[in-house]
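Please review the following briefing alongside the sequence and the coordinates. The points are grouped by topic, and each term is given with its cut-offs.

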Amino acid sequence: DMTEDEYPTPGELEAEVNETYFVQRYSSHFNVQTRMLLGSRFADLGLTPTSRGMSAQQLSEVRELLEQTHFVGIVEHMPVTLCLFHATFIGESSSRHKKLCGRVNADIGEVNNRNEAMPYPYYVYSKIAKYNALDEIVYSIARSVFFDRVA
């Protein structure tokens, strides 16, 4: 594990986008979201930190796991996520929920763009996304589950 002061600066990261170096140095950090979500099932499904795709069976199992998860929230939709959290764990019938969340579903279009807070150039993120393809896939499935639940 890297300490905070070992993370590269934007300039260093740009210089280190060399494929071989990047993979060797950072592969232990690839697809962390997916590995955390799946736990021991990650290896059971035949996935590795450097996997770049999933079979239909693997996708199905990940979707099933997300659908069985009690709560799925999306950071870009924080107000709706908080209201969904409140409804899931406290209940929609509470007066507090109605007061807090009465107008939020109408605001679902107001999204914090995932790309707005990027301190690195786009090509650096595209390189990172290339090696975190499983996380990108799981994120899109999570968004689908999230929107199904708030609909």
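**Briefing on the predicted model**

With a relative accessible area of 28%, F147 is partly exposed (buried means under 20% relative accessible area, exposed over 50%, partly exposed in between, with a 1.4 Å probe and protein chains only). The model is predicted: local features need pLDDT of at least 70, side-chain atom pairs count only at pLDDT 80 or more, and totals for chains, interfaces and linings use all residues. Residues are numbered from 1 along each chain as its sequence is written, and side-chain values use heavy atoms, with hydrogens and water left out.

**Overall architecture**

- The chain contains nine helices and zero strands (DSSP runs numbered from the N terminus: helices are H or I with at least four residues, strands are E with at least two).
- Of its 151 residues, 33% count as buried.
- Among contacts (heavy atoms within 4.5 Å) between residues at least 6 apart in sequence, 63% join residues at least 24 apart.
- The accessible surface of the chain is about 9,400 Å², and carbon and sulfur atoms account for 54% of that area (Shrake-Rupley method with a 1.4 Å probe; for residues, only the protein chains shown count as cover).

**Helix α6 and its surroundings**

- Helix α6 has twelve residues and spans 16 Å from its first C-alpha to its last, close to the 16 Å expected at 1.5 Å a residue (the expected span is 1.5 Å times one less than the number of residues).
- The buried residues of α6 are V80, T81, C83, L84, H86 and A87.
- Just after α6, G91 has a positive phi of about 115°.

**Aromatic pairs**

- The structure holds five aromatic pairs (Phe, Tyr and Trp rings, the six-membered one for Trp, with centres within 6.5 Å; planes under 30 degrees apart count as stacked, over 60 as edge-to-face and the rest as tilted).
- The ring centres of F71 and F85 are 5.1 Å apart and their planes lie at 85°, so this pair is edge-to-face.
- Because F71 lies in the loop between α5 (56–68) and α6 while F85 is in helix α6, the pair ties together parts 14 residues apart in sequence.
- F146 and F147 form an edge-to-face pair, with 5.2 Å centre to centre and 75° between the planes.
- F146 counts as buried, at 0% relative accessibility.
- Ring pairs link F71, F85 and F89 into a cluster.

**Backbone at N31**

- N31, in the loop between α2 (19–26) and α3 (32–38), has a positive phi near 55°.
- N31 counts as buried, at 0% relative accessibility.
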